[in-house]
Amino acid sequence: MNEMTLNITGDEAPVNAMLTLPYPTFTRTDKIDWKPWVMEGVHYKLLSLDDKNNGFTCLLKVEPGTVAPVHHHLGAIEVYVLEGEIYYEEADKGGPGDYIYEPAGDIHRPVSPAGCVLFCVFYGPIAGLDDDGNIAGIVDAKLMRAMANEHGVAAHLDAHDH
């Protein structure tokens with residue numbers, strides 16, 4: 001088995017000229033207010049945007065009793081449950097510390113009767129569907145940036161754009 005070891009270099013080593021500066025900065029998520037998302041009963045904290053694939057990363061807080069509409073993931077999504085529980089089938093509930101990967105193309109409707117808080121990485125847009133399966137709306141990086149600007153919670157996003 002090949003193992004790689006990393007050498008700690010001194011401040012004068014030529015590799016230091018390769019460092020990407022300025023360094024990224026941490027976002028203090030507790031300083032970002034929860035704002036209403038595109039679904040009633042769901043609030044968001046936008047953490048970052050990926051303008052190349054139209055994706056975004058956010059925290060979502062689902063209030064108890066919120067019923068999610070059927071939606072279509074145009075890009076994959078990764079979800080990590082921070083609080084509460086969420087599921088698609090009652091036999092497979094995700095709770096704090098649980099993770100799920102949903103491939104691009106999935107169409108589903110999650111359930112969270114008691115509410116939850118999720119860390120979500122959207123690798124592309126998500127489409128809300130109406131009762132006939134038609135696209136009722138698209139949530140992508142452009143919409144999320146516009147919402148965050150409108151809600152006054154976008155200042156930290158510029159620190160990520162270097």
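Tutor: A salt bridge is a side-chain nitrogen of Lys or Arg within 4 Å of a carboxyl oxygen of Asp or Glu. The model is a predicted one, in which local features need pLDDT of at least 70 and side-chain atom pairs count only at pLDDT 80 or more, while totals for chains, interfaces and linings use all residues. Residues are numbered from 1 along each chain as its sequence is written, and side-chain values use heavy atoms, with hydrogens and water left out.

Student: Why is the pair of K93 and E85 called a salt bridge?

Tutor: The closest N and O atoms of K93 and E85 are 3.5 Å apart, and because this falls within the limit for a Lys nitrogen and a Glu carboxyl oxygen, the pair qualifies.

Student: What makes E85, E90 and K93 one network?

Tutor: E90 also forms a salt bridge with K93, the closest N and O atoms being 3.9 Å apart. Salt bridges that share partners therefore join E85, E90 and K93 into one network.

Student: How do you know whether E90 is buried or exposed?

Tutor: Buried means under 20% relative accessible area, exposed over 50%, and partly exposed in between, with a 1.4 Å probe and protein chains only. E90 has a relative accessible area of 57%, so it is exposed.

Student: What links distant parts of the chain in the pair of D51 and R145?

Tutor: D51 forms a salt bridge with R145, the closest N and O atoms being 3.7 Å apart. D51 stands in the loop between β2 (42–50) and β3 (55–62), whereas R145 belongs to helix α1 (residues 141–151), 94 residues apart. Helices (H or I, at least four residues) and strands (E, at least two) are DSSP runs, numbered from the N terminus. R145 has a relative accessible area of 23% and is therefore partly exposed.

Student: What makes the nonpolar surface patch?

Tutor: Patches are made of residues with over 30% relative accessible area and no salt bridge, like charges being joined within 9 Å and nonpolar side chains (Val, Leu, Ile, Met, Phe, Trp, Tyr) within 5 Å. Y80, L82, Y99, Y101 and F119 make the patch, of about 490 Å². The elements giving two or more residues to it are β5 (77–84) and β8 (99–102). L82, in strand β5, has 38% relative accessibility and so counts as partly exposed, which is over the 30% that a patch residue needs. Areas come from the Shrake-Rupley method with a 1.4 Å probe, and for residues only the protein chains shown count as cover.

Student: What lines the largest pocket?

Tutor: On a 1 Å grid over the protein atoms alone, a pocket is an open set of points where a 1.4 Å probe fits, with protein on both sides within 12 Å along at least five of seven lines, and lining residues have an atom within 4 Å of a point. By that rule 41 residues line the largest pocket, with A68, H71, I86, Y88 and P110 nearest its centre. Strand β11 (residues 126–129) gives the most to the lining, with four residues.
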